[in-house]
Every structure is written in structure tokens, then in C-alpha cells.
Protein chains: 6
Amino acid sequence: MRCDHRAEDALRPIRIQRHFTRTSPGSVLIQAGGTSVLCTVNVSTDLPPWMDASKGSGWLTAEYNMLPGSTCPRKKRDREGKLDGRTSEIQRFIGRSLRAVMDMKKLGPRLVTVDCDVLEADGGTRTLSVTGAVVALVDALCSFEEFFDGKKILKDFPLRDTVAAVSVGMVEGKAVLDLCYQEDFTAAVDMNVVMTGGGQFVEIQGTGEKTTFDEKELASMLALAKKGISELTVMQKTCLGEDFLFEKT
Amino acid sequence: MRCDHRAEDALRPIRIQRHFTRTSPGSVLIQAGGTSVLCTVNVSTDLPPWMDASKGSGWLTAEYNMLPGSTCPRKKRDREGKLDGRTSEIQRFIGRSLRAVMDMKKLGPRLVTVDCDVLEADGGTRTLSVTGAVVALVDALCSFEEFFDGKKILKDFPLRDTVAAVSVGMVEGKAVLDLCYQEDFTAAVDMNVVMTGGGQFVEIQGTGEKTTFDEKELASMLALAKKGISELTVMQKTCLGEDFLFEKT
Amino acid sequence: MRCDHRAEDALRPIRIQRHFTRTSPGSVLIQAGGTSVLCTVNVSTDLPPWMDASKGSGWLTAEYNMLPGSTCPRKKRDREGKLDGRTSEIQRFIGRSLRAVMDMKKLGPRLVTVDCDVLEADGGTRTLSVTGAVVALVDALCSFEEFFDGKKILKDFPLRDTVAAVSVGMVEGKAVLDLCYQEDFTAAVDMNVVMTGGGQFVEIQGTGEKTTFDEKELASMLALAKKGISELTVMQKTCLGEDFLFEKT
Amino acid sequence: MRCDHRAEDALRPIRIQRHFTRTSPGSVLIQAGGTSVLCTVNVSTDLPPWMDASKGSGWLTAEYNMLPGSTCPRKKRDREGKLDGRTSEIQRFIGRSLRAVMDMKKLGPRLVTVDCDVLEADGGTRTLSVTGAVVALVDALCSFEEFFDGKKILKDFPLRDTVAAVSVGMVEGKAVLDLCYQEDFTAAVDMNVVMTGGGQFVEIQGTGEKTTFDEKELASMLALAKKGISELTVMQKTCLGEDFLFEKT
Amino acid sequence: MRCDHRAEDALRPIRIQRHFTRTSPGSVLIQAGGTSVLCTVNVSTDLPPWMDASKGSGWLTAEYNMLPGSTCPRKKRDREGKLDGRTSEIQRFIGRSLRAVMDMKKLGPRLVTVDCDVLEADGGTRTLSVTGAVVALVDALCSFEEFFDGKKILKDFPLRDTVAAVSVGMVEGKAVLDLCYQEDFTAAVDMNVVMTGGGQFVEIQGTGEKTTFDEKELASMLALAKKGISELTVMQKTCLGEDFLFEKT
Amino acid sequence: MRCDHRAEDALRPIRIQRHFTRTSPGSVLIQAGGTSVLCTVNVSTDLPPWMDASKGSGWLTAEYNMLPGSTCPRKKRDREGKLDGRTSEIQRFIGRSLRAVMDMKKLGPRLVTVDCDVLEADGGTRTLSVTGAVVALVDALCSFEEFFDGKKILKDFPLRDTVAAVSVGMVEGKAVLDLCYQEDFTAAVDMNVVMTGGGQFVEIQGTGEKTTFDEKELASMLALAKKGISELTVMQKTCLGEDFLFEKT
């Protein structure tokens, strides 16, 4: 029995609120059980210094942060100017996952910045960030007239597909989906999987620090991940509704 | 006419949500027009190194931060390890304001940490932080049994009074209350006033960078501030309701 | 009785030495009782990056620092790359106070940098810095030929007026002027006031961390501040003498 | 055809030199084609601050760095006090991989520090670091008498098994083993796999930033990784020779 | 002819003011031509962390800094938390020079901190810092009763001798003493020499970045340094007067 | 008797390996007894910001670092963004020494970066760095066609001469050459001397922290240094062989 009485292959209850704040063109509050993340997306023309604007391509970068009140006991704010390794790893993970479905040529010479600020943390913050950020990303891109024409997304929309992510793991000898903090803490193996709406893998990160794992366990975890991500994809599309009609290109 | 059609002596619409997140004992989302601040309060026994725990007194410290998506264009995250002067000034201001109504002896050897994270910024973030943080502070202190007995606050509650803050300023030759960002930007004189629920001054910070000001203008601004703060005090008390019966001591 | 036998409305003995060092165009050593501050002023054409030189305006910025030997026990040097909140607040205070009497258009596309280095600290370092810096500022500006014609300051001098500052406070129930460190340490309320030579307010910063204060106390403190500042203004003008004849413009 | 004429399932030529320097108890120079890494291992009793020495367990931590001359053009030295995200990720990866085969109880209250300094970089530095560090780790642990008795490793040796790592990827539509820099740069999918000498997975990190990948491609890459790691395991054991007889426990 | 018309073997006019500020037990303003340095000395019982107080010995450490107004154009303040190489070298030089004449056993478990803050810089700041700091050091040590008995320095005074320093160099083919900035800038060889009052070498640092030098030139420079240092030693002793009677021990 | 049975005027066994790594045009591993340093040299056209490329001159800069495994116990990596004073001093020393024999005009608008990474430290790392870096510098400069024509160095080669360095000191009352760590630790006086192949002094740094020294001792140490450096010069030239025929210019 899982600590919150879920079946082994069940996601936690998910809630996605678009337009949560008004100051960013994309702003989504996504919640999964006791975890909630505010994903805001902004687009600017200030390309990173290493990019050559004349080539016409853009870039997407992500930043991740946990608010001090998001954990108990309170998490000390990162004010020493040293990003801890975990934070750095997570924001690189979010950025890679979203870039996998972006067409940088269609984006044009723009910089998309995705901010994932965790308001409450109960496991799975990095995967929930990816799942929520995509929705905010659609809203931010739609704020550009050239990508959005009344109700329809035009052909040249810079997003090829949705992307969603979920954690799976081996807990007490069984593969389980969408670990809460308590499960994550005791898991023998912990794996984060990112897949597109179309069912392709974007990223697999599996680590067995407590014990190692074999091929059969790997297969069970990947199966759960696929199930969870297909459910998350449906929720994303439902939430976006009419605003997100990917045309056949 | 003010940009949002308010009278010169009118506050913006205020909304205070208690228990906004579950991971901190005090958690309040306070909104005033287009500004919203998440105030979380935690209490620990890790006193700051400069305090001598054996003396039995506690301390309250505040941290302030604007989320990147809270402004348009996006505000760069402070990751250089250098707190900018404005942030440092604001969190010192919040801490002083709250300490003015705290009884550190009654608090005992505990450290109260107040976090004010701005989700949306449209002027007045520092004063709104003070006003919201007091409510979260009551909730956090009430999570200690010794301060809270069922429905009633005990005699030894470490808070002597509420405190609330508001901005006033000289805009186009007139004193106005609770400036939004556009007014703040054009104000000739900008003043932040902090007062207790009982009507005593805690802090006055008035600056005339664009022009200087005379005693009559000072008097007009102080009068508006008193009016606004007495209204904010009523809202705080209404919101806290039964949980906050200051006994006569 | 005050610790140094002054009347409640008496300033400490003030001494202002112009041209204290030879390497900066403005260099003033100002002393008030046991406090002494070296104020040097330099002017360059390196505008801060956020300014658009083509607009023809300039800027003034201030830096404040206490030498390690200026306090007892020795003050640790700020070498961690983190400006502490107090230092940051003070140098912003000095900068705002001086900018309030500067005409940035007349200054032209130049950056004025004011350095206030405290050699000995016995209370009132921030207000004494403002009072001394103005004198050094006049000397630095006069080093430009276009502002200075033989003995007379020309019409286009970028300073509109002098500015001076003083601290007042409530000590043992009484309002007192120009607090030394021992008074500052025990003051219930501490207020810094900045006024122009013409008697307009530039800045009021009053804080009651130990206790709160009422309107009558506020009025007493403001009255003392006005008296002190008018005396400081006379000393500044005497010291500048013939070099500083503001013409009617 | 691969750029260095290897078969798709061939490792680069590997060379492992033990005792490369004399100042560390474990010191291995490992080379694979154009990549060479100096792995040194030291053991101390200074546990990290978050560990409770009285519990009797130890810890292993890894640091990774590229010498400036290891790349062309020269790599700027990290002297800003900010570990870049990639470095942080890699040293966390090395540490996790080695800890997976360590018995921290048998290690006792000691801190093992593994340093992987890249002298020449031509792809695969993170996986080669893991493979080389294990050999240096055996030498460092053997420098403790209690773990090493003449020619034999005692029962209580803190290492349960060897561990080795290799990169695989999809290059021009084909799965290939042990990518050099040029292949890594053009790979559609890049995956690092860590396995024990006994054939269990320790870590899988696969990322498709250029394109996504399907289950069949995943299977091909994992098969290559298994083959490569079993060959690396033989080399490690040959190199350690008599010094590393894991007893049946 | 030297730029200030001195003979090749002449020092600049020297002025040493003791008790320049009141907040530090040792406080000396030393001037040589256009260079002036404020040397303050404080003594505390906070030994550096690497010292074992139970061994009964003390330590002396020095810090060096140039005030922003000490050069023209203004020198940017070191606020990035990175001590530049030159500053670091100079304060290590000052510390070594003073420690060479200190008896750390007689000092006892105390930390002496020497601060050399340059108010005006015209060459020779590091050597002038050493020469001035010794005088402030005597005053600071004399503030301890056990070292100072009325008018006489006791046997156990922790200073074995005075120390003084001077720069010499090859300028336009000639060896010259006590270089001002303009000479320093054009010197082919620049050498700093530190000697005790008794005429022993403490430190020699000679660098020929513009050209190399031979043994004869070395000998000429060393001869000038000896002459200059013996004159500085006389000035130090005159200035200290009755307060500094080294007893025969 | 010296700890390694050398005569007082004997160098440790020296070994110089050119082309140690393949990623830098100059790459030398130099060893002297238990000390080994990897010197790599790279040349780029990115001049430092303070240089004016249009003037046609270049610059040489050096960086020094000790690998963590180069000392026992392990040396903590410099990751705080604060170069310690010793490192900063050493890399300035290496840079000055090499620049003394460089013709910056002949180098043209290029930046030469010399990296000295210590693999094993047993005293004399800074002087060995200079001696090894010169050899790597020749190789790096020869990688430019215009400086190197088949077997011969052209007239315009930017190096005027070789340079080599060695440490000398007073140990147990005697002057000794090329101190190992144990001697360095106990030396009363420690001196580093840098000379050109032609026998001119480039730098002398002598410090007597434990005791002071007189002119006779200075002379003995300088004589030993000259002998050692002339031997090192022969080794450098032998090692470079045909590649380094300085033409008469």
C-alpha cells in the first residue's frame, strides 16, 4: 500500500491553472498532490551572448528555484551566488526537455526564459515543472501575433509537440509511478522519464544509488512512465483546449 | 484623476488568503490591485550566531525577493551572490516593522523567519509585505501550543499589536494613498509609513528625489497614511477573526 | 544630562578641512566630536552602463565605507564581495541626498563619484558624510573651468543649493540633536533628516525599533533637526567662502 | 565508417597506469584514445559536516575538473567561484557511481575524496573518470592495513564490486559505442551507462536533445553499453591483478 | 635630474603623526612626499582558526588597501570579493616584514592586526606602510599594561627591533632611492628592501620586467637602500622618543 | 647532510618531457625529484581588454594551480572564487619571469597563456614552473609558421633568450641549492632567483621570516643560484635541440 493509498500505476491528482499571474505572458500554477510549481514564461529579443542573432535562430533557457517556505523545515535561500548542484542539474533537465520539442528556426532570434518556482515541494518537482512549463510556453508563444491568429495556431508555431515528464522508481521491491517525497526518499531506484505527446523518449535518467537494478526492473519502470505521461498529455491538451490546435505541417 | 480611477485617499482592493501553501505554518497570499506577495513564516530554534540563547530571547528576520515573472520585462534572478541595495533595504524594513510589535522575551529562544516573495509587482510591494506578513506571523506563532489554546490566544502571545504599512506620495501636486507602479514612477515625493493597530508610528521613510517637500505636504501625506493603515488594520483583524483575540495584559 | 554635557539642541563641535588630500579634486575631512569622515569627490566621463550619454545628462553615485580602525573593536573589512545591508542603505541615502540638489542636465554627461570613508566612528557617520560631501562636491565641480570663472561660480553651476543632514532621536524620553554613538545605541527612536540650505525637506527616515512614537514626538524631533541643519548650512557656506557664490538664476 | 575507423561496437584503445603520482595513495592515469584523466584518491577522517561520525559510517565524494590545456582552444579556468552546471553534474555522476559499490559501514567513519582531473579531452571524460577512479580507489583503500593483508584483500574490504562506465549514442542513424568528441558533437542521442562488474545497472542517462528516440533505439544502445562495460571490467581486473581478489562474502 | 629635484640618494620629506585617530590603540599617519598612509593597529584575543591558542603564541596579520580617492583617476573599490594579486602580495609583504621582528612567544595568544589604508598614492606605498606600521605597532603594544610600565618598555616587549623599508631602482641607467610614482613607472628595475634597525636584511624583492640587471647594479641599489633605511630608522626612533626604550635583554 | 644526500650545490635530478599532451601546442612535463609540473602553453588572438590591439603588441599571462592530489594531505580545490595570496603571487612571478625574455612587438597582437599545473609537490614548484614553461613556450611559438621555418627559428622569433629559475636558502646555517619541501619548511631564509640563459638577473625574491640575513649570506645564496641556473639552461637547450637555434640578431 502506498502512503497516500494510490495504486502503483496511479498519478497524484493534477491541477493546472493558466494565467495565474498577470505580469508574464505565460503563467501556470501546476499542482500534483502536495507539490505545486509556478511556471512563468517570458520571451525577449536579448539572445545569450554566445548566439549569433544573424543566424535567425532562437534559444530556450530554464531556471528552477524552491521558495524557502516550500519545504519543512524552511529551505535556506540560495544567496551565496553558488547554484547548488541539484538546482543546476534540474534546470538543465527542464531546458533540455522543452528544447526537444522546439523548432528554434521558427522561433526566430528570440530568447524564451522559463522560470519554475516551487511553492510547495512533496516530490516530483522537476518533472512537474516540465509538464506545467509546456502549457505556459504555449501561452507565451501565443502572445506573439505571428504565431497565433484568433483561435488557431498557425503552421509556423515553434512547438512541434507537447512534452511531459514523470518520476518512477523501485519502492519496496515494486515499480511505482509518480513518487511523493516519502517514497522518493526510500526508493531503491529513482528514474525520471520525459516523453513527447507523440510517445517518443526525450530523456531517461535512472539512478540506483541505494541498490543497482536489472533489465526487468528497468522495463517495469519504463512501462509505468509511458502510462503516466500519456495521461499527463491528455490533461495538458484539455487545459489548453482551443488554443492549441497543432496543424498538420 | 488617478490612473485606476481611485479617489486620492482610496486603497486598492485588498485580498488576504490564509493557509495558501501547506508546507509553512504561516502562509498568506496578499493582493492589492496588481501586486501580490506570498508571505510565509517559519519558526526554528536555530538562533543567529550573534545571539546568546541562554538569555532566553528570540529574534525575527525577514527576507524579500521578487520572482522573475513578477515584472514585465522579466526580472533577472539574483544569482550573483550580491543582494542588491534595494532588496537589502526592503527586507531590513520588513524585519524592523515586525520586530516593533514583537516581545522577544515572550517569543523565547526561537528564530522567526519571514519570507516575502513577490509573485506580481505593481507598486507597494514592501508595504504590502509587512501587512500580509503579520497575518502569517500570527498563524505561525499559533502553531505553538503554548501560545494558542483552542480558540483563544493566551496572555503570553509574543505579538503586542498588529502592524500595517502603506505608501503615500506627492503625485502631480497632490497627496495620494497607496501608489501603483505608474504613480510611484512619476511621484515627486515617495513615503512609506508603518503604524501599529493602536495608531503609533513605527517607521516613516520619506524621500524627495525628484523635488524637495515642505511641512504642509508632509502633513497631508501623513494624514492619508493614517487613514489607509486604519483600514488595513480592520482587514487584518477581520481575516484573522476568532484566532486573534489580543487579551488585555 | 547628555553624556558629553551638551544641551539637547546642541550640535557637537564641527570641523571641516578642505583639500585634505591632493589626489582628488574634492577632498574634505569633516569631524563632529569623535566622528571623522574623509569625503573625496571625482568626476569622470564614464557614465554608468544604464545611462544613455547622448541624452546629455549626468549622474551622481556615492560609496560609503568604514575603515577597520574606525571602531573599537576593529571592524572586519568587507572583503567577501557582499555589501552588508547597512552599508548599502547608507550609500544609497548619501547619493539620494546629494542628487536632490544636483541639476543633472547642467552637469552634462558626466559621472560624479562621492566616496565617504569613515576614519573614526562615534555616531552620525551617514549624516556627517552628506554634510561634508557637499563641500567636496563644490570643489570637484569647480575644477571644471566651465563652471568656475576666477572667483565666481557661473550661472550654469550644476548645484542648485547646499544640502546638510543631521540625526535626531528620542533618548530617555526627550528629543535630542546629533546623537553620539552611546545615545544612538540607547535611543528609543532614531531619525535622520536631510534638508536643503533653503529649508526644504529632502529625506526623513525615522524608525522606532525599541518603541513606537506619536505625532508630538515626531514634531519635536523635526524641530531640532531644522535648527541643527540651519547651523550646519552656515558652517558649510563659511567654509566655502568666496568660492561659492550661488548666483540668482 | 566512424571517424577513427573503429567498428560500431569497438572501444577506443585503453591504457591504465597505476601509481602515476606519489603524493596520493591512489593515483591512476587512464587513457582512451585522445582522452586522458588523472584520477587520485585520498582518504581522511574529516567527515563532511552533515555526517554524524558516531554512527560509524563513511562517505565518498568526487570532484571533476578539466585542465585549461585539455581542450583546444584552451578552456578558461573556473576561478569565479561558480561551478558550471556541467561540471557539477559530472562530479555528482562520478560520486553516485562509485558509492553504488561502496559499503559505507565497512569504510567506517572516513571520507574518501576522488579527484578526476582531465589532462586531454576527446569525448567520454565522465565515463572514463568512473572507470579509472575505481582502480585508484582500490589502491587508496589498500593503503589501510586493515583492508589489505599482504597480497590479499580481506573480507571487510569496503568495495562490493567494480564499476565501469561508457558512453553510447545514435550517430547517423546507428548505435555506436564509446563516442569520441566529434561523434558526441553530432550524436542525435547521447547516453551514459554505468554498470557493476557483476552486470547490474547503476545509472542510465540518455538524452535526445537533437531528436527523440524510440524503444528499439534504446535497446540497441543498452546492448552496446553492456558489451563495452564487460570489456572495461576485464581491463580493470587485469590491471589490479593480485591486489584485488574479492573474496566471497 | 630627478622629477622632484632630489639627489639620487635622497629620501622624500617624511612626516610621521602618532595618535592620528582615537578609535585604535595604534594609529599613525605617515607621509613621504605625495604618498600618505594611515596605519592602525589593533590587538585581540581572537586567534586565527589555524592557530592553537594553548601553545601560547600569537600572530600578526596585515591588510592593505588604497582608498578610491588616493589615485587620479579614482581607483575602483574592491567590492567583488576578489582581492587583486597586487593587494594580496603587498599585505603579505607587510605582514612578513613586521613578523620578522616580533617575538610571538612574548606576544602571547593574541592576534595583532595591522591596517594600512593609503590616503594618497605617489609611489612607495608598500614600503611606507611597513615603516609607519612599526610605530603604530609600538603604540598598540604599549596599550597593554604588562608591556609598558609608566615611561619604560619592559623586558618582555614582543618587538625585538624596529624594521623599515624603502624602494630603490634603476632609472635612466642610474640607481635611485625612494622612487615616486613617475620614477617607478619608468624604472627598468624596481626593488623593495626591508631591513631591521640593526642593519640585517629582512626581505629583498627585485624585479627587472623592463630589462634584466647585473651584479654591479644590484650592489648599487642595495647600498642606496641601506642608506635610506638607516635614515628612516632614526626618524622612527625620534618619533617614538621616550616611549620606546628597548632594554638590553 | 641534506635529507636526500645531495651536496649543498647540487640540483635534484631533472626530467623534461616535451609534447606530454596533444591538445595544447606547447605541453611539457617537468620533474625535479618529487616535484612535477605540467606546463601547457596556448596562443590566441583574444587580447586582454586593457590592451589596444591596434598597437600591434601582444602579452603573456600565466596561471598556476596545484592539483588536489599533489600534496599529502590532499589540497582543497580553490572553488570559492578567491585566489589565495600564494597562488596569485606565484602566477605573477611566472608571468613576469617569462615576459622578461619576450619581445612583445615581435609576438604581435596575440595573447600567450601559460598554465602550470602541479601534479606532485615537493618544494620548488614556482621555479620549476618557470624552467619548464620556457620549453613549452618555444614549442607553442614554433607552431606558428611565421616563427618557424622547417628546422630553424627565424630572426623574428619573439623570445630573446631562455630563462630559468631555482630556489636557494639558508638551512641549518648553510646556503643550499634547490630546496625540497622539508628543507624549505625549515629554512631560515628562502630565496627564489630567476636568470636568463645569458646570465642576467630577472628577479630576486629573498625573505627571512624565521631570521634575518646579512650581506655575506646573500652573496653565498646568489652564487649557488647562478650555478644551478646555468645547469638548468644547458638542460633546456639540450631538450629543445635543433628546434631552438637562436640566431644572432
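# Briefing: sheet, helices, chain pairs and selected residues

In chain E, strand 2 (residues 26-32) and strand 3 (residues 35-44) run antiparallel and are joined by seven bridges. The model is predicted: local features need pLDDT of at least 70, side-chain atom pairs count only at pLDDT 80 or more, and totals for chains, interfaces and linings use all residues. Residues are numbered from 1 along each chain as its sequence is written, chains are lettered from A and ligands numbered from 1 in the order in which they are written, and side-chain values use heavy atoms, with hydrogens and water left out. Helices (H or I, at least four residues) and strands (E, at least two) are DSSP runs, numbered from the N terminus.

**Sheet of chain E**

- Five strands form an open sheet in chain E, in the order 1-2-3-5-4, with mixed pairing. Two strands pair if DSSP finds at least two bridges between them.
- Strand 1 (14-18) and strand 4 (59-66) of chain E are the edge strands; each has a single partner strand, so one side of each lacks a neighbour in the sheet.
- From one strand to the next, the twist averages 15 degrees. Axes are lines fitted to C-alpha atoms, for helices over the stretch in contact, and angles run from 0 to 180 degrees between N-to-C directions.
- Q31(E) has S36(E), in strand 3 of chain E, as its bridge partner.
- Helix 3 (residues 125-142) of chain E lies across strands 1, 2, 3, 4 and 5 (111-120) of chain E. Its angle to strand 3 of chain E is about 40 degrees.

**Helix 3 of chain C**

- Helix 3 (residues 125-142) of chain C has 18 residues. It reaches 26 Å from first C-alpha to last, close to the 26 Å expected at 1.5 Å a residue. The expected span is 1.5 Å times one less than the number of residues.
- Helix 3 of chain C is mostly covered, with 18 of its 18 residues buried. Buried means under 20% relative accessible area, exposed over 50%, partly exposed in between (1.4 Å probe, protein chains only).

**Chain pairs**

- Chain A superposes on chain B (RMSD 0.0 Å) by a rotation of 180 degrees, with 0.0 Å of shift along the axis. That is the relation of a two-fold axis. Superposition is by least squares on the C-alpha atoms of residues with pLDDT of at least 70 in both copies.
- In chain A, G81(A) has the C-alpha nearest the axis, 1.7 Å from it.
- Both copies use the same surface: 100% of the contact residues of chain A recur in chain B. Contact means heavy atoms within 4.5 Å.
- Chain C and chain D do not touch; their nearest C-alpha atoms are 12 Å apart.
- Chain A and chain E share no contact, and their closest C-alpha atoms lie 12 Å apart.

**Buried residues**

- T23(C) sits in the loop between strand 1 (14-18) and strand 2 (26-32) of chain C. T23(C) is buried, at a relative accessible area of 15%.
- Beyond four places in sequence, the contacts of T23(C) include G69(E), S70(E) and L119(E). A polar atom of the T23(C) side chain lies 2.9 Å from the backbone oxygen of G69(E).
- T113(D) is in strand 5 (residues 111-120) of chain D. T113(D) counts as buried, at 8% relative accessibility.
- Not counting residues up to four places away, T113(D) touches T40(D), V41(D), N42(D), T61(D) and R74(F).
- L177(C) is in strand 9 (residues 174-177) of chain C. Its relative accessible area is 0%, so L177(C) is buried.
- The C-alpha atoms of L177(C) and M191(C) are separated by 9.9 Å, with the residues 14 apart along the chain.

Notes. Polar contact = N/O pair within 3.5 Å; in protein donor to acceptor, adjacent residues only side chain to side chain.
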